[in-house]
Amino acid sequence: MKIEDVVCSFCGCLCDDLVVEVDGKKVVNVENGCTLANEKFMGDHRLETPIRRTGNGWEKISYEEAIAETAAILLDADRPLLYGWSGTFGEAQSVGVHLAEILGAVIDNTSTVCHGPSILAIQEVGHPGCTLGQVRNRADVVVYWGANPIDAHPRHMSRYTTYCDGFFLKDAFKDRKVIVVDVRETESSNVADEFVRVNPGGDYAVLSALRAIVRGKRDIIPPNVEGVSREQLFRVADICIAAKFGAIFFGLGLTMSPGKNKNIRNAIELTQELSRHTKFTISPMRGHWNVYGSNEVFTWITGYPYAVDFARGIAFYNPGETTSVDILRRGECDACLVVASDPGAHFPRACAEHLARIPTVQIDPHVNVTTHLARIQIPVGVAGIDAEGTAYRMDGVPLRTRRLYKGDYPDDQEVLRKIYEIVREAKG
Amino acid sequence: MRVVLKTRPRVKPKIPIEAEEIIPQNFLRKNDMKVFEGNKERALDDLFFVTVEGPAVSPDQVEVILTGDTGVVKRVGEYMNAGRIIVEGDIGMHCGNFMSAGEIIIRGNADAWLGREMRGGRILCEGDAGHYCAAGYRGEKRGMRGGTIEVKGNTGDFTAEYLSGGEVLIHGSTGDLPGVEMRGGTLWIGGGCSRPCGNMTGGTCMVFGEVKSMLPTFIRSGLQDMEFQGEKHQMRVYLGDVANRGKGTLLTRN
């Protein structure tokens, strides 16, 4: 059976034009997908049943047993941490937030290791953003800063920017100018009209220089700013000022390099400065499929987008203090529930070591690095394949993902709801 | 009145204790003080041995002494408005949040957000302080607004972020971006730092050690002689940050 207009559940692009062929309970072919999408849909490394760690190995256990033991672990903890959430759909994330509240836990999503600094900057100076549709139809200048879309978001350029004609750009490849700013040459910089190579950690200074140039203070700029010549800075500023509609996309090269949220703030303030001359927007290149959705869900329930601490019964938020990496590194939490993420693969070693020391439970369809740190793993359906729900694209547009076939697994929401019911009963 | 709080041994010693009730004025009028250990509310004497010596009729006459494993105790001195707190060892995050008067002396190191949005009073840290010393809360437009913070050692990144008033004196070095978004007040850095005063709009920052990665958006406007800790220095004077309105003053050693 061929299913059209399927939403991809890999990266933040949420490409919604995939054609997926299903044979029984297996995806056998994907059309229009990138390499990452093909691997996501066709990959077949699912854990079959819940497992529990024994002395030197694992034993299979029932869902009921796994859920009851998970609830007991969380109830016993004085500082439980619920981490992940970006690989599942909004309805499950919502149950997770309510679970955190009733437990007095910290709930955090993968923004903590990707675009958390972007959110901090947005909270300081706002977000002059737009939808990807606006960029596709209007942007004649596109800037990728600290991002490599060809590798990380393979269809971003073909669906929205370089290779995609828009309503006001009939021959986009010729009409759009693409500027790539990065610390090294990448696949994306190879297709750029202007490649700005910045010294590692030098983004803040380059952004400050560009802001000063756009404000008309060209005379104070030194001959070289963090590896970028004054002439190139002037040229880039002129391209941006001359644009009819410009769009900046930034990635982890900016959010996770020295300066972090201040880099993003500087980029946003450059965007605001450029908008005194023309129309400019700025958007983060969100990586995880529904990480934007986790920020939305957390915010509409708690008021905060990530790193929410319910220890005192009310929501408290302070990245650096209530973020997962910091809590784990300091050895604070005494139990952890990981949902739809793989912190074992992405967190610093000290954090992974602490996850291995405390009772960690993972709810995830696949065996991954975190499995090796966990005490229990509960497999679930894969959102967008055999589970369905709402996800948010990187520009904040919600899309409904469908279930392509009825599988044998419960989904995240079902498992979490059962844990929640046990906890609620125990808490009275 | 002298109040001595010594931490009791705990089964899970790394779980933070939130103890904003530990301020001098509370020991005059409260006898049921509560603190949080993780997600559990505890009585103060569940987690501390409490010894009270002598009388007091006003908070100014109260001295609180913390000893033991205090490095995980957060929010000590929050909203403090009189008296004195002496921490014999390290102290956790948010020590002296919003304090308006009184004195906090820390014999060891202080964790992040020391003196966050402080309005008045004095904090002396004899060791090092963490990130965001004398800064503001997330999204807040103003950091420390008054009073004095003195750190004998080094501080972390974003020291005196959004500094709006008062005086911050760091004898050692700071991390990255001290004085970022600074809009008032005075910041002294005895050692080195990197990228000072990004996006500053007001106030004065002086750096007497090595400055790494000076930002390109500061305009040089002459030399000035200054004295710091008994030594005379010739300082370069910069105005900036001209990426915005640029009304701040940054002085670095010539």
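Mentor: What follows starts with the domains, moves to the helix pairs, and ends with some individual residues.

This is a predicted model, in which local features need pLDDT of at least 70 and side-chain atom pairs count only at pLDDT 80 or more, while totals for chains, interfaces and linings use all residues. Residues are numbered from 1 along each chain as its sequence is written, and chains are lettered from A and ligands numbered from 1 in the order in which they are written.

Chain A is divided into domain 1, made of 47-113 + 289-427, and domain 2, which covers 116-284; such bounds come from an automatic or database domain assignment. Taken over C-alpha atoms, the centres of domain 1 of chain A and domain 2 of chain A are separated by 34 Å. Their contact involves 10 residues from domain 1 of chain A and 8 residues from domain 2 of chain A, where two residues are in contact if their C-beta atoms, placed from the backbone, lie within 7 Å. On the side of domain 1 of chain A that touches domain 2 of chain A there are 5 nonpolar, 4 polar and 1 charged residues; here Ala, Val, Leu, Ile, Met, Phe, Trp, Tyr, Cys and Pro count as nonpolar, Asp, Glu, Lys and Arg as charged, and the others, Gly among them, as polar.

The helix to look at closely is H3(A), residues 90-103. Helices (H or I, at least four residues) and strands (E, at least two) are DSSP runs, numbered from the N terminus. H3(A) packs against H14(A), residues 291-302, at an angle of about 45°, with the axes 9 Å apart; axes are lines fitted to C-alpha atoms, for helices over the stretch in contact, and angles run from 0 to 180 degrees between N-to-C directions. The two helices H3(A) and H14(A) are therefore oblique to each other, given that angles under 35 degrees count as roughly parallel, over 145 as roughly antiparallel, 65 to 115 as roughly perpendicular and the rest as oblique. The crossing of H3(A) with H14(A) is right-handed; a crossing is left-handed if the near helix is turned anticlockwise from the far one by less than a right angle, and right-handed if clockwise. From H3(A), Gly90(A), Gln93(A), Ser94(A) and Val97(A) take part, and from H14(A) the partners include Gly293(A), Val297(A), Phe298(A) and Ile301(A). By class, the residues of this contact between H3(A) and H14(A) are 4 nonpolar, 6 polar and no charged.

H3(A) also packs against H18(A), residues 412-427, where the axes come within 9 Å and cross at roughly 20°. That angle makes H3(A) roughly parallel to H18(A), and the crossing of H3(A) with H18(A) is left-handed. Among the residues that make this contact are Val95(A), Leu99(A) and Ile102(A) of H3(A), together with Leu416(A), Ile419(A), Tyr420(A) and Val423(A) of H18(A). The residues of the contact of H3(A) with H18(A) fall into 9 nonpolar, 3 polar and 5 charged.

Another helix pair of chain A is formed by H10(A), residues 203-214, and H13(A), residues 261-274, whose axes come within 9 Å and cross at roughly 20°.

Thr360(A) sits in strand S18(A), residues 360-363, and is buried, with 27 other C-beta atoms within 10 Å; a residue is buried if 20 or more other C-beta atoms lie within 10 Å of its own, exposed if 12 or fewer, and partly exposed in between, with C-beta atoms placed from the backbone. Not counting residues up to four places away in sequence, Thr360(A) touches Cys336(A), Val338(A), Leu355(A), Leu373(A), Ala374(A) and Arg375(A). Its C-alpha atom is 9.8 Å from that of Leu82(A), although Thr360(A) and Leu82(A) are 278 residues apart along the chain. Asn318(A) lies in the loop between strand S16 (316-317) and helix H15 (324-329) of chain A, and counts as buried with 20 C-beta neighbours inside 10 Å.

Beyond the chain itself, the contact between the chains takes 31 residues from chain A and 28 residues from chain B.
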